[in-house]
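Q: Could you take me through the sheet in this model, strand by strand, and show how the rest of the chain packs against it? I would like the cut-offs spelled out as you go.

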Amino acid sequence: DNAMESTRIEKDDRPVIAYTSGNLEWYIMHNLDTINATTIVNDYLILLSGPVTVDEMKQVIDSVYERN
């Protein structure tokens with residue numbers, strides 16, 4: 001069975017924020033004190049989650065695409 005079909009990401013009543021980074025559309029959502037960010041890459045669901053601000057989550061997303 002497909003694991004993505006049963007994946008559920010909890011969010012509260014605040015609106016989802018669409019954020020583009022690395023030529024991908026990320027979706028940032030609040031779940032009480034946690035921020036979740038998700039995208040899909042090659043049929044894989046990518047989820048970043050933590051007790052951070054929206055701006056901090058955007059920095060984390062951007063850091064994935066930074067080259068050293």
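A: Here is a walk through the sheet, its turns, the helix and the core.

First, some conventions. This is a predicted model, in which local features need pLDDT of at least 70 and side-chain atom pairs count only at pLDDT 80 or more, while totals for chains, interfaces and linings use all residues. Residues are numbered from 1 along each chain as its sequence is written, and side-chain values use heavy atoms, with hydrogens and water left out.

Helices (H or I, at least four residues) and strands (E, at least two) are DSSP runs, numbered from the N terminus.

The four strands make an open sheet in the order 1-2-3-4, with antiparallel pairing. Two strands are taken to pair if DSSP finds at least two bridges between them. Strand 1 (17–21) and strand 4 (44–50) are at the edges with a single partner strand each, so one side of each has no neighbour in the sheet. On average, neighbouring strands are turned by 25° against each other, direction ignored. For such angles, axes are lines fitted to C-alpha atoms, for helices over the stretch in contact, and angles run from 0 to 180 degrees between N-to-C directions. As background, strands of a sheet pair through backbone hydrogen bonds, either parallel or antiparallel.

Let us go along the pairings. Strand 2 and strand 3 are joined in the antiparallel sense by five bridges, and Ile28 has Ala37 in strand 3 as its bridge partner. Strand 3 (residues 34–41) and strand 4 run antiparallel and are joined by seven bridges. Within strand 4, Leu48 is the bridge partner of Ala37, and Gly50 is the bridge partner of Ile35.

Both of these pairs are hairpins. Two residues lie between strand 2 and strand 3, and Leu32 in that turn has a positive phi of about 55°. Strand 3 and strand 4 likewise have two residues between them, with Asn42 in the turn at a positive phi of about 50°. Most residues other than glycine have a negative phi, and most peptide bonds are trans. For accessibility, buried means under 20% relative accessible area, exposed over 50%, and partly exposed in between (1.4 Å probe, protein chains only). Leu32 counts as exposed because its relative accessibility is 64%, and Asn42 counts as exposed at 67%.

The loop between strand 1 and strand 2 holds Asn23, which is exposed at 79% relative accessibility. The C-alpha atoms of Asn23 and Tyr65 are 9.7 Å apart, although the two are separated by 42 residues along the chain.

Contact here means heavy atoms within 4.5 Å.

Ser21 shows this packing in detail. Ser21 sits in strand 1 and counts as buried at 9% relative accessibility. Leaving aside neighbours within four places in sequence, Ser21 is in contact with Trp26, Ile61, Asp62 and Tyr65. With Asp62 there is also a side-chain polar contact of 2.7 Å; a polar contact is a pair of N or O atoms within 3.5 Å, where within protein one must be able to donate a hydrogen and the other to accept it, and residues adjacent in sequence count only if both atoms are side-chain atoms.

The largest nonpolar core has eight residues: Tyr19, Trp26, Ile28, Ile35, Ala37, Val54, Met57 and Ile61. Such a core is a set of buried Ala, Val, Leu, Ile, Met, Phe, Trp, Tyr and Cys residues joined through side-chain atoms within 4.5 Å. Strand 2, strand 3 and helix 1 are the elements that give two or more residues to this core, and helix 1 has the largest share, three residues. Ile28, one of the core residues, touches residues including Tyr19, Ile35, Ala37, Val54 and Ile61, not counting those up to four places away in sequence.

Finally, the chain as a whole: of its 68 residues, 24% count as buried.
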